[in-house]
Amino acid sequence: MWSILKARWCQGYRTAPYPSRPPALPDRFRGRPELAAGLPDTAFVPAAAVCPTGAFTAAPGLSPSLDLGRCLFCGACAAACPAGVSFTAEHRLAARRTEDLRLIPDRAPSRAVPMEDALRRLFGRSLRLRQVCAGGCGACEADSNVLGTPTYDMGRFGIQFVASPRHADGLYVTGPVTENMRLALRKTYDAMANPKVVIAVGACAIGGGPYRDHPEVHNGAASVIPVDLLIPGCPPHPYTILDGLLRFLGRIP
Amino acid sequence: MTNFASMANGGCMALTRLPRLDVDRFRAAVLAEVKAGARLSAFFACPDGADALLLVAVLARDDRGVLDVTTCSVRDEYPALTPDCPQAQGFEREIAELWGIRPLGHPWLKPLRFQPRRCVSDRAGNPLKEQPAIGLAPFFSMDGVEIHEVAVGPVHAGIIEPGHFRFQCHGETVYHLETAFGYQHRGVERALVGGPDARTIHYMETLSGDTTIGHATTYSRICEAISRTRVPARGQALRGVAQELERLANHVGDLGALAGDVGFLPTAAYCGRIRGDLLNLTAILCGNRFGRGLVKPGGCGWDITASGVDELLRRLEQARRDAESAVELLFESPTARARFDNTGTLTAETCRELGLVGVAARACGEERDVRKDFPYGIFQFVQLPVCTWRSGDVFGRAYVRWLEIQQSVTFVREQLTALPEGEVCSAPATGTLVPGQLAVALVEGWRGELCHVAITDAAGRFACYKLVDPSFHNWFGLASAMRNQQISDFPICNKSFNLSYCGHDL
């Protein structure tokens, strides 16, 4: 008993002051990329050529764009085109619609807007999520699990992962949706009571990630069920996920 | 002709120099080698001309530190190894599923991953004949009064990857557990053929996301072997640091998860957090908590600054202190120990028969560790003591993790205080891949042995790339450990192995 209390004392209070203060992120963190304005279209062609997932599109006569939903944040584009592409430390990446994830030069990216008022009245202070991994590699899953640890303590915002779809308000999907998980994902969705929301977490769940266009996968959750919130990253940083969830609930402006 | 070509870990050999035995001699040679103590690290098939398949067996001789490779050409069927060599069971199911050939006499030739029908064809390009759909294949079952089955998954109750477990029970006692996977199958090995290309490293980093450094290192060593590239000393040291940080984070997380499963919440809460703190150390190196972009063919993608070293050492010491206080609580708790001791016990003999690797093997008293038996990279210069325990139970697997945590902390600290000067990556990163080669690389990932085997074609592209995650060997260990256990002990048995589903399903 005394050793438990002593350990408790030594471990201290470790919950981060979030969202009241900005999160501590590593110096080399690769957050939202930025495309420089005022460069000719052709300047971006080398960046598109090295993109492993086709997230970056550029060609002579075509204005460059970067689909954050497909982006693995590997930084290959910035290395190939340092004048045109840079990765910022911006961790706030979530969006409600796939078109909001498309970055182009000279346009401020739009952030996720809260869910509709009727839903917000129901879920705004209490959101129960059922997570389904549908081909995920374990990294998105690990960074989701970590939200329940004292550092992030997602429970203080009323958000919690639950064991049964019957108890859930939202389905939280990771992975590209393999053919072998398609039915299980669909059944989990169908087992949830209405109203319900779907959150796609990570490049795989948004667009297939590195597995995009493999015949074994379905290029993300939206191919099977309607998606309400998209959280990019490979994997998204836990703060990116938390920011997305809190914005979705209208808990941070 | 000799039966085997002996290769070093990270070795490369012209295909023409590999022995090609007839099938009976191949079978006898592999069985004799296994009987002499070798492990089947990889066993797979690849196309051999228009209408034959080449079976390739890679045997690890832990005692001699060499990898013995042999091959044989087969057509529609061959006598299975499994009846005389249980470690071959998964490999032969995989060969049968992917290529439509029959290992005759295999006792349980059920598909391993349930390839979607559109993804497999015979060598003539026709779809394979009807295979059962995932979840619908028959399970090994038991008959009798009051016998019942428990079916779990693919969707589990937590944030866990999908897989199916089928228990044959009498009352609370489990007589047999059959694991059925494939839900995570993304077609990685198929997609690697024709590479390397821009996606290859990303496949490696996401084969099993918690083993990003491990698989990226193994893949890089394959490329370096085939392109005759030397990695600078500083790059090797940083890879070692990254690999041990990966081990630290996962081992600490596993101890927390084990504590959580027996309801010992202090350790569960602390270790969950400390795991995150340790992942953040990897992010100091490369910006990503899992080490994405850190290891690449030729060396490392990032160097570390002097201030980065100081920061890492300071936070490592803090995490070590926190972990020590959290883990000691767990092992001192009589109620936690009562659940761990004599639960899910494996004997050293079963471990050898099944060819188990990593923590699971070392917890049975087997001194099996790629870092010692087949030293590579920085481990050629720094010897880490192999941590073993003899009990073979949940406690053994937990305690070996704790011993390894302490060794890895010491290793990381020593490496960071004496980093070699120089570049972290050779320039150019790698040369072109030499055509017509076979390369094998082993790495001791945090779960155990990672084995990659690549064969290059006449153009220097991958004609075949075989991936073996430690989970591939060890899932059967979990199934064996569950025999005659209470079904309520399944969660802690499962956590004590903590195997990868996506690493198995590929």
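## Briefing: chains A and B

The contact takes 51 residues from chain B and 49 residues from chain A, two residues being in contact if their C-beta atoms, placed from the backbone, lie within 7 Å. This is a predicted model, in which local features need pLDDT of at least 70, side-chain atom pairs count only at pLDDT 80 or more, and totals for chains, interfaces and linings use all residues. Residues are numbered from 1 along each chain as its sequence is written, while chains are lettered from A and ligands numbered from 1 in the order in which they are written.

**Side of chain B that touches chain A**

- Helix H4 (200–205), H7 and H8 of chain B are the elements giving two or more residues to this side; helices (H or I, at least four residues) and strands (E, at least two) are DSSP runs, numbered from the N terminus.
- H7(B) supplies the largest share, ten residues.
- By class, this side has 26 nonpolar, 16 polar and nine charged residues. Ala, Val, Leu, Ile, Met, Phe, Trp, Tyr, Cys and Pro count as nonpolar, Asp, Glu, Lys and Arg as charged, and the others, Gly among them, as polar.

**Helix H8(B)**

- H8 (residues 306–332) of chain B has 27 residues and reaches 39 Å from its first C-alpha to its last, close to the 39 Å expected at 1.5 Å a residue (1.5 Å times one less than its number of residues).
- Its buried residues include Leu312(B), Leu316(B), Arg320(B) and Asp322(B). A residue is buried if 20 or more other C-beta atoms lie within 10 Å of its own, exposed if 12 or fewer, and partly exposed in between.
- The cover over the buried residues of H8(B) includes helix H1 (2–11) of chain A, as well as helix H6 (233–261), H7 (265–286), H9 (334–340) and H13 (394–417) of chain B.

**H13(B) and H15(B)**

- The axes of H13(B) and helix H15 (residues 490–497) of chain B come within 9 Å and cross at roughly 35°. Axes are lines fitted to C-alpha atoms, for helices over the stretch in contact, and angles run from 0 to 180 degrees between N-to-C directions.
- Val394(B), Arg397(B) and Ala398(B) in H13(B) meet Ile492(B), Cys493(B), Ser496(B) and Phe497(B) in H15(B).
- The residues of this contact divide into five nonpolar, one polar and one charged.

**Leu384(B)**

- Leu384(B) lies in the loop between helix H12 (370–373) and H13 of chain B.
- Leu384(B) is partly exposed because 19 other C-beta atoms are within 10 Å.
- Beyond its neighbours within four places in sequence, Leu384(B) is in contact with Arg371(B), Phe379(B), Gln407(B) and Phe411(B).
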